[in-house]
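Let's take a friendly walk through this assembly, from the way its chains meet down to a few individual packing contacts. Have the viewer ready and follow along.

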Amino acid sequence: MDVTTPMVEFDRVQKSYDGESLVVKDLNLAMPKGEFLTMLGPSGSGKTTCLMMLAGFETATNGEIRLAGKEINHIPPHKRGIGMVFQNYALFPHMTVAENLSFPLEVRGMDRGTRETKIKRALDMVQMGKFASRRPAQLSGGQQQRIALARALVFEPDLVLMDEPLGALDKQLREHMQFEIKHLHESLGITVVYVTHDQSEALTMSDRVAVFNDGKIQQLAPPEDLYERPDNSFVAQFIGENNKLSGKIEALDGETATVRLHSGELIGATAVNIGGAGSETLVSIRPERVEFRHDRIQEGWHTLDAEVLEFIYMGDLFRTRLRVAGHDDFVMKCRNIQGQERLSPGQRVKIGWHPADARALDPV
Amino acid sequence: MKRTLILTSALVAAGVAAQAEELAVMSWGGAYSKSQVEAYHKPFTEKTGVTVVDVVADNPATPIKAQVEAGNVTVDVADVEYADAMALCDEGLLEEIDPSILAAGADGTAAMDDFLPGAVTDCFVATIVFSTMYAYDDTVFTGEKPTTIADFFDLEKFPGKRGLRKTPKVNLEMALMADGVAPDEVYDMLETDEGLDRAFAKLDTIKDSVVWWEAGAQPPQLLADGEVAMTTAYNGRIFAAAVSEGKPFVSVFNGQVYEYDGYVIPLGAPNKDLAMEFLAFATQTQQLADQAKWISYGPARKSSGPLVGLFEDGKTEMGPYMPTAEQNLEVALPSNFEFWADRNVELSERFNAWLAN
Amino acid sequence: MADMTATSPGAAPQGLQTADGRPLKAALAASQARAKRRAFYLVAPLLAFVLLTFVLPIGQLLSRSVSDPRFIENVDRSSGEVTPIMVELRDWFKANPPGTEPDEAAYQALAQGLAQLAELRGQGDVGTRINYEAPGTRSLFTKTARRADDLEAPFKEAILDVDEDWADPVLWQAMRDASSRYTINFYLAALDMTRDVDGNIVNVPEDRQVYLLLFKRTAILSVLITVTTLVLGFPVAYLLATLPLRYSNLLMILVLLPFWTSLLVRTTSWMVLLQSQGVVNDLLVWAGIIGDDGRIQMIYNQMGTVIAMTHILLPFTVLPLYSVMRPIKPSYVRAARSLGATSWTAFRRVYLPQTVPGIGAGALLVFILAVGYYITPALVGGSSGQLISNLIAFHMQNSLNWSLAAALASLLLAGVLVLYWLYDRLVGIDNLKLG
């Protein structure tokens with residue numbers, strides 16, 4: 001394979017189930033070999049459909065899907081050589097762990113010796129070597145997860161698809177498994193397409209994240225860009241917590257926009273995804289970028305008056321809900337550092353942020 | 001079906017037993033039950049005010065055995081074949097009937113002299129003489145028509161399916177007669193192993209073409225559906241289908257087997273006295289003659305004979321349709337109850353084995 | 001330990017104790033006794049019901065199959081009074097070994113017994129009982145009992161005078177057998193065997209052998225019906241389990257339709273459909289597949305039995321299969337496919353094994369039901385489609401040889417139990433899912 005040939009390619013792919021509406025609208029995507037790409041989005045956004053088309057369980061209504069440069073639209077799933085981890089693991093309940101792992105090797109006609117070596121290696125890889133003779137029902141959720149992973153990898157596919165594989169695990173185990181999967185990805189050099197609706201999972205694990213909504217990729221970018229520099233209001237809203245202030249563009253000067261909020265205040269913001277002067281916009285500010293202490297609000301920052309509505313102690317953070325510019329749901333997060341001031345409801349404060357942290361985006 | 005019928009009859013009869021002025025009479029259903037309802041039940045209700053409930057079974061002797069054995073008798077009177085009555089009586093399953101309750105003949109003859117020979121026994125009073133004969137659909141055989149019992153067994157001359165009752169009784173006799181045995185030698189022959197083998201061998205010749213029937217209402221239906229070309233049947237059923245429904249059925253009495261059929265009272269009948277009263281009423285000269293108006297079975301009293309006139313349609317002369325008519329008795333066999341009381345179990349088993357093999 | 005016993009005298013020396021010193025086990029039992037009692041009261045009606053309607057009848061069935069004491073005692077049908085009969089004759093049998101030529105004493109005992117029978121009106125019963133084992137002898141008893149009062153010494157001559165068949169050694173062997181309260185003769189009869197004059201067990205003549213043949217036929221036809229229902233039911237159950245609910249409900253109604261149709265309606269429709277002048281044959285002739293004289297006999301033979309019973313029993317395979325298939329997620333087959341299996345391999349190695357509990361339950365259910373069905377074969381089976389249950393019904397209703405019926409039924413029951421045991425050994429009974 002040519003180094004420049006993408007491992008996976010979606011070329012103007014469309015998918016419709018009923019002939020009336022499109023579930024996937026004009027999808028274009030190219031993944032280089034070895035990438036860990038996450039498809040993130042709310043349910044019904046088309047991300048799982050894309051994964052199923054790639055796996056071969058759904059056919060594209062239009063467009064081409066290419067695997068290592070070869071069109072695979074009409075290749076049945078079992079000939080695609082793609083490993084897959086399912087949402088509920090789909091471990092075969094009537095087979096032992098070893099038999100489950102042996103299955104893909106048997107259908108490939110490998111002899112017993114080869115199979116045993118590969119099974120052992122795969123089980124050791126997920127630290128489940130002792131469980132070869134157990135049945136799936138005798139394993140915990142996390143253990144089943146590891147076996148599912150081992151089974152998807154045992155026949156050494158170049159591409160592995162994972163469909164919300166950690167959805168059924170509790171938070172701690174999930175975080176642990178995230179690192180393990182990431183680690184496997186790096187050590188094996190495989191290409192991974194990962195589907196989840198959990199944004200923190202996406203940010204933690206991925207090289208790039210494709211945010212899906214309404215059948216389209218809203219933004220395809222590395223996690224940092226996604227969080228720091230969302231392209232539109234949906235991404236800003238979907239990734240992490242976000243404050244929105246609605247207003248109109250008063251003036252536009254290159255990268256900088258001046259926005260007249262509906263409550264009358266005038267603020268500056270980084271222009272990202274807006275029309276010309278006079279058009280509606282949503283200004284987005286991350287809660288942890290908001291300050292209220294005079295000593296920390298610096299020259300050139302925007303400030304607004306605010307009234308404290310609620311104060312929540314969250315351990316590592318203080319979460320304060322404020323009324324700002326007519327919005328009741330403005331959130332400010334402060335780290336629980338030594339000497340941090342605790343606000344109480346009814347208190348009036350002045351809040352501020354760096355102009356670069358306010359991004360003027362499309363109105364929803 | 002049989003079980004359903006028994007069940008429903010049991011339910012009906014159970015309901016009946018609860019009320020005093022009702023009498024459950026079990027019979028064979030169809031045209032035959034109808035003739036009894038018209039000739040016996042209705043006049044009896046008119047005279048006494050007692051409602052007579054008509055209960056139906058494929059063979060009433062079967063539920064009687066079961067009911068008395070189980071100590072749960074729900075019918076008061078039952079209509080059974082002579083041989084069955086003898087067997088039931090011997091086993092003590094029936095009430096004894098005092099012959100003095102029977103009415104004298106209309107012409108004044110004493111009851112015991114008026115009834116045909118053997119028609120009244122300890123537990124049984126005959127009402128009719130019925131015959132098992134065979135019938136064919138006239139439209140099937142356009143050329144030569146079957147006329148003898150041998151024709152029934154002749155598949156080459158008269159191709160087509162045959163209907164037979166699923167019992168050894170009658171079939172074995174007919175088989176021998178078809179094989180050329182004279183009627184009065186049939187039972188002697190059947191007492192021997194060779195005779196039995198010969199009868200079964202004759203049955204073997206048509207076995208593959210036989211559709212077996214169990215309820216008396218089935219043969220006319222089989223004929224009407226075209227399922228069989230000819231079938232044995234109770235002569236009254238064929239008469240009813242041919243004369244009242246206008247079916248093109250022709251009865252062949254050659255090789256017929258006739259016997260008494262009549263009333264018995266099961267041991268422990270819920271309304272025993274009323275049952276006796278009904279039995280005496282139904283077996284009077286006029287009632288027996290009346291029944292022949294509805295179905296072509298011969299009355300069991302001599303004095304009833306002259307009173308038998310036309311069929312209910314007012315134009316059909318009953319005489320020629322009676323099993324006891326002279327021209328019908330040329331090759332005919334009275335059923336031997338003693339033979340069957342003795343041999344029924346054994347021959348049924350052999351018959352079942354023969355059927356299954 | 002010593003301290004504890006000291007502080008709480010009377011308590012058990014070992015084991016945990018409650019705070020106020022009672023043994024923990026006793027306290028637990030006491031606290032649970034109420035709940036246990038209540039649970040028992042709740043199941044008591046069912047327990048009584050099962051005892052009365054299942055355990056007792058089966059016990060009766062088993063005892064019936066080894067005993068028919070009608071030669072030993074007479075039961076008056078109206079009063080229920082039990083009188084021992086044939087006492088002298090039975091004593092003679094006890095005193096003389098099998099095969100002994102009956103002497104004057106034997107005939108005298110017989111005459112005494114017959115006289116007693118005439119009084120009790122029991123000759124029919126006794127005759128029927130002996131007739132089971134020595135066919136054609138029933139009338140000897142009824143005839144001779146009627147003249148019992150006229151019998152005078154020498155009894156042998158007098159009795160043989162009434163009917164010389166009394167000398168038949170088969171008859172004497174039959175009476176000897178009937179003299180013991182318990183007998184395995186009904187089981188012998190149920191296996192097409194009998195005893196000869198000397199009491200040896202032999203096969204009955206070939207033209208009387210029927211039960212073994214019918215047991216075999218019942219087993220074969222039941223297997224055939226089971227296989228047919230599985231083959232027909234599997235795709236239906238699969239459709240039911242995978243179709244969207246609104247379609248599957250409709251399909252389910254179609255599957256259950258046989259349940260909701262009365263037997264008479266069903267039978268009539270089979271006749272209309274299957275008889276040689278029926279709808280199916282008419283269609284075939286019309287379509288030119290068969291000639292008018294080549295009409296297929298589909299009813300009143302084995303084919304009728306198989307078709308009708310497959311129809312009736314289909315829901316019994318579909319429902320367990322459906323209940324097993326419903327929770328099988330499509331992701332299993334998808335996983336298998338993604339792992340490189342063709343759709344056939346995925347079905348065979350991943351889907352099918354997961355439906356085994358349903359297949360087992362359905363097959364076992366259908367087989368057991370088929371083995372015991374008798375109404376349907378009686379109606380549409382003709383002569384070649386009769387099953388062993390039809391003969392059981394025959395002996396229950398017609399010949400009234402309830403002991404033979406019980407023996408046949410017991411053998412059938414034993415067969416089913418063996419099957420059940422085999423199933424447990426091969427598949428595991430806990431691996432059975434009925435729905």
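Predicted model: local features only at pLDDT ≥ 70, side-chain atom pairs only at ≥ 80, totals over all residues.

Two strands count as paired if DSSP finds at least two bridges between them.

## A sheet in chain A

With that rule in hand, look at strand S7 (residues 159-163) and strand S8 (residues 191-196) of chain A, which pair in the parallel sense over 5 bridges. Within this pairing, A:Val160 stands opposite A:Val192 of S8(A). In general, strands of a sheet pair through backbone hydrogen bonds, either parallel or antiparallel.

Where do S7(A) and S8(A) sit in the sheet order? They belong to an open sheet of 6 strands in chain A, ordered S6-S7-S8-S3-S9-S10, with mixed pairing. Its edges are strand S6 (82-85) and strand S10 (216-221) of chain A, each of which pairs on one side only. On average, and with direction ignored, neighbouring strands of this sheet are turned by 20° against each other. Helix H4 (residues 141-153) of chain A lies across S6 and S7 of chain A and runs at about 170° to S6(A).

## Domains of chains A and B

The domain assignment divides chain A into domain 1 (8-233) and domain 2 (241-361). Taken over C-alpha atoms, the centres of domain 1 of chain A and domain 2 of chain A are separated by 39 Å.

For chain B, the assignment gives domain 1 (2-129 + 260-319) and domain 2 (131-258 + 329-356). Here 26 Å separate the centres of domain 1 of chain B and domain 2 of chain B, again taken over C-alpha atoms. The two are in contact through 17 residues of domain 1 of chain B and 15 residues of domain 2 of chain B. On the domain 1 side, helix H2 (30-48) and helix H4 (82-90) of chain B each supply at least two residues, and H4(B) has the largest share, 5 residues. By class, that side of domain 1 of chain B divides into 11 nonpolar, 4 polar and 2 charged residues.

## How the chains meet

Which pair of chains has the most contacts? Among the 2 pairs of chains that touch, it is chains B and C. In that interface, 41 residues of chain C are in contact with 34 residues of chain B. On the chain C side, the elements giving two or more residues are helix H5 (123-133), helix H6 (138-146), helix H10 (211-242), helix H12 (263-274), helix H17 (375-380) and helix H18 (388-397) of chain C. H5(C) gives the most, with 7 residues. The side of chain C that touches chain B divides into 14 nonpolar, 21 polar and 6 charged residues.

Chain C also meets chain A: 15 residues of chain C are in contact with 18 residues of chain A. Helix H15 (330-338) and helix H16 (343-372) of chain C each supply at least two residues to the chain C side, and H15(C) gives the most, with 6 residues. By class, the side of chain C that touches chain A has 6 nonpolar, 6 polar and 3 charged residues. Chain A and chain B, in turn, do not touch, and their nearest C-alpha atoms are 45 Å apart.

## Helix packing in chain C

Two helix pairs in chain C are worth a look. The axes of H18(C) and helix H19 (residues 402-426) of chain C come within 8 Å and cross at roughly 155°, which means that H18(C) is roughly antiparallel to H19(C). H18(C) passes H19(C) in a left-handed crossing. H18(C) contributes C:Ile388, C:Leu391, C:Ile392, C:His395 and C:Met396 to the contact, while H19(C) contributes C:Trp402, C:Leu404, C:Ala405, C:Leu408, C:Ala409 and C:Leu412. By class, this contact has 10 nonpolar, 1 polar and no charged residues.

The axes of helix H3 (residues 87-95) and helix H4 (residues 104-120) of chain C come within 7 Å and cross at roughly 150°. Why does H3(C) count as roughly antiparallel to H4(C)? Because angles over 145 degrees count as roughly antiparallel, the crossing makes H3(C) roughly antiparallel to H4(C). Here C:Glu88, C:Leu89 and C:Trp92 of H3(C) meet C:Ala105, C:Ala106, C:Ala109, C:Leu110, C:Gln112 and C:Gly113 of H4(C). The contact of H3(C) with H4(C) has 6 nonpolar, 2 polar and 1 charged residues.

Note on methods
Residues numbered from 1 in each chain as written. Chains lettered and ligands numbered in written order. Contact = placed C-beta atoms within 7 Å. Helix = DSSP H or I, 4+ residues; strand = E, 2+ residues; numbered from the N terminus. Nonpolar A, V, L, I, M, F, W, Y, C, P; charged D, E, K, R; others polar. Axes fitted to C-alpha atoms, helices over the stretch in contact; angles between N-to-C directions. Parallel < 35°, antiparallel > 145°, perpendicular 65-115°, else oblique. Left-handed = near helix turned anticlockwise from the far one by under 90°. Domains from an automatic or database assignment.
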